[in-house]
Amino acid sequence: MKLIKTFKFFLTKFFNYFFSSKKIIVSQEIQTTLPASVLMDNMSHYFFETGTADGDAVRLALQCGFEKIFTVEIDPVLYAKNILRYKKYIDEGRVFMFLGDTFELMPEIIANHIDKSCTFWLDAHQDFGPGGVKKCPLIEELEYIKSSPLEHKLLIDDRRMFGIWWGEGINEELIISKIKEVNPNYIISYADGHIADDIIVAKI
Ligand SMILES: C[S@@+](CC[C@H](N)C(=O)[O-])C[C@H]1O[C@@H](n2cnc3c(N)ncnc32)[C@H](O)[C@@H]1O
């Protein structure tokens with residue numbers, strides 16, 4: 001029995017190291033590939049996340065002091081879990097959770113809720129749960145952000161995955177040109193996430 005448990009423990013560690021994008025442990029409770037220091041360097045009024053997953057970036061955004069936090073998740077199980085986890089903040093009108101595909105929901109959320117500048121954490125992509133119209137709706141998400149007249153900051157995760165697995169069809173040149181369509185004045189830099197320089201940062 002103990003041997004099986006030990007085997008399971010190491011198997012999980014192995015799996016998480018190579019395949020999970022949630023490697024960075026910010027605190028004992030918060031696990032996200034978004035480092036607190038990167039978020040603190042890129043504050044806005046609001047935080048907008050695509051792909052809520054376990055809700056740990058929401059926790060981080062609350063701790064960083066964003067006025068409002070918007071997050072979209074396609075997996076109903078994760079969504080339901082986070083609705084319970086953040087009930088207090090949802091009731092207070094500080095956290096807004098949406099169930100569905102960013103490909104479909106983002107235009108309406110941006111039009112109806114985003115009346116102040118946002119830090120966008122673009123992190124939705126197919127994992128091991130249900131998938132959306134696109135394996136990774138990043139290009140469309142950038143297109144929707146372009147529709148907002150406000151000046152936002154962009155944090156795009158998983159640069160290492162462009163061109164492979166769910167990132168097939170995405171390449172850096174395309175992403176940078178889309179970012180520049182959102183705002184030609186954006187200055188691009190890179191921040192460490194799951195690996196070094198894995199997060200594209202775009203801001204003015
Ligand atoms: C890497 S995880 C997100 C991690 C999270 N942002 C964090 O910082 O801890 C990717 C999430 O995106 C979700 N997802 C995948 N495709 C999606 C889509 N089209 N719309 C919304 N969520 C999606 C997955 O279900 C998964 O929970």
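Colleague: Which residue is the bridge partner of Y46 in β2?
Modeller: That's K68. Keep in mind that this is a predicted model, where local features need pLDDT of at least 70, side-chain atom pairs count only at pLDDT 80 or more, and totals for chains, interfaces and linings use all residues. Residue numbers start from 1 along each chain as its sequence is written.

Colleague: How do β1 and β2 run, and how many bridges join them?
Modeller: They run parallel, joined by five bridges. Strands here are DSSP runs of E with at least two residues, helices are runs of H or I with at least four, and both are numbered from the N terminus. Two strands pair if DSSP finds at least two bridges between them.

Colleague: And what does the chain cross through on its way from β1 to β2?
Modeller: Through α3, and that β-α-β crossover is right-handed. Right-handed means that, with the strands pointing away from the viewer, the path from the first strand over the helix to the second runs clockwise.

Colleague: Which other strand does β1 pair with in the parallel sense?
Modeller: β4, over five bridges. F48, for instance, has F120 as its bridge partner in β4.

Colleague: Is β1 enclosed or open, then?
Modeller: Largely enclosed by the rest of the structure, because five of its five residues are buried. Buried means 20 or more other C-beta atoms within 10 Å of the residue's own, exposed means 12 or fewer, and partly exposed is in between, with C-beta atoms placed from the backbone. Both faces of β1 are covered, with Y46, F48 and T50 on one side and F47 and E49 on the other.

Colleague: Switching to the ligand. How many residues surround the ligand, and which are the closest?
Modeller: There are 27 around it, and the closest are T32, G51, A53, A57 and G132. To be in that shell, a residue needs its C-beta atom, placed from the backbone, within 6 Å of the molecule.

Colleague: Which helices and strands each supply at least two residues of that shell?
Modeller: β1 (46-50) and β2 (68-73) do, along with the helices α3 (56-64) and α6 (102-113). So β1 turns up again: it contributes to the shell around the ligand, and five of its five residues are buried.

Colleague: How does the shell divide into nonpolar, polar and charged?
Modeller: Nine nonpolar, ten polar and eight charged.

Colleague: Now A124. Where is A124 found?
Modeller: In the loop between β4 (118-122) and α7. A124 is buried, because 28 other C-beta atoms lie within 10 Å.

Colleague: What does A124 touch?
Modeller: Leaving out residues up to four places away in sequence, A124 touches T50, G51, V72, T102 and P137. Touching means the two C-beta atoms, placed from the backbone, lie within 7 Å. Also, the C-alpha atoms of A124 and E49 are separated by 8.2 Å, although the two are 75 residues apart along the chain.

Colleague: On to α8. Which residues of α8 are buried?
Modeller: In α8 (residues 172-182) those are I175, K178 and V182. They sit on the same side of the helix, because they cover an arc of only 65° around the axis. The arc is taken from the directions from the helix axis to the C-beta atoms.

Colleague: Why would residues three or four places apart point the same way?
Modeller: Because an α-helix has 3.6 residues a turn.

Colleague: What's on the face turned away, and what does the buried side pack against?
Modeller: The face turned away carries the exposed residues E173 and S177. The buried residues of α8 pack against α7 (138-146), β5 (153-156) and β7 (199-203).

Colleague: In which sense do β5 and β7 pair?
Modeller: Antiparallel, over three bridges, with L154 standing opposite A202 in β7. β6 (residues 187-191) also runs antiparallel to β7, joined by five bridges, and there S189 stands opposite V201.

Colleague: Last one: what's the phi of D158?
Modeller: Positive, about 70°, although D158 is not a glycine. Most residues other than glycine have a negative phi. D158 lies in the loop between β5 and α8 and counts as buried because it has 23 C-beta neighbours inside 10 Å. W165 is in the loop between β5 and α8 too, with a positive phi near 50°, but W165 is exposed, with 12 other C-beta atoms within 10 Å.

Note on methods:
Ala, Val, Leu, Ile, Met, Phe, Trp, Tyr, Cys and Pro count as nonpolar, Asp, Glu, Lys and Arg as charged, and the others, Gly among them, as polar.
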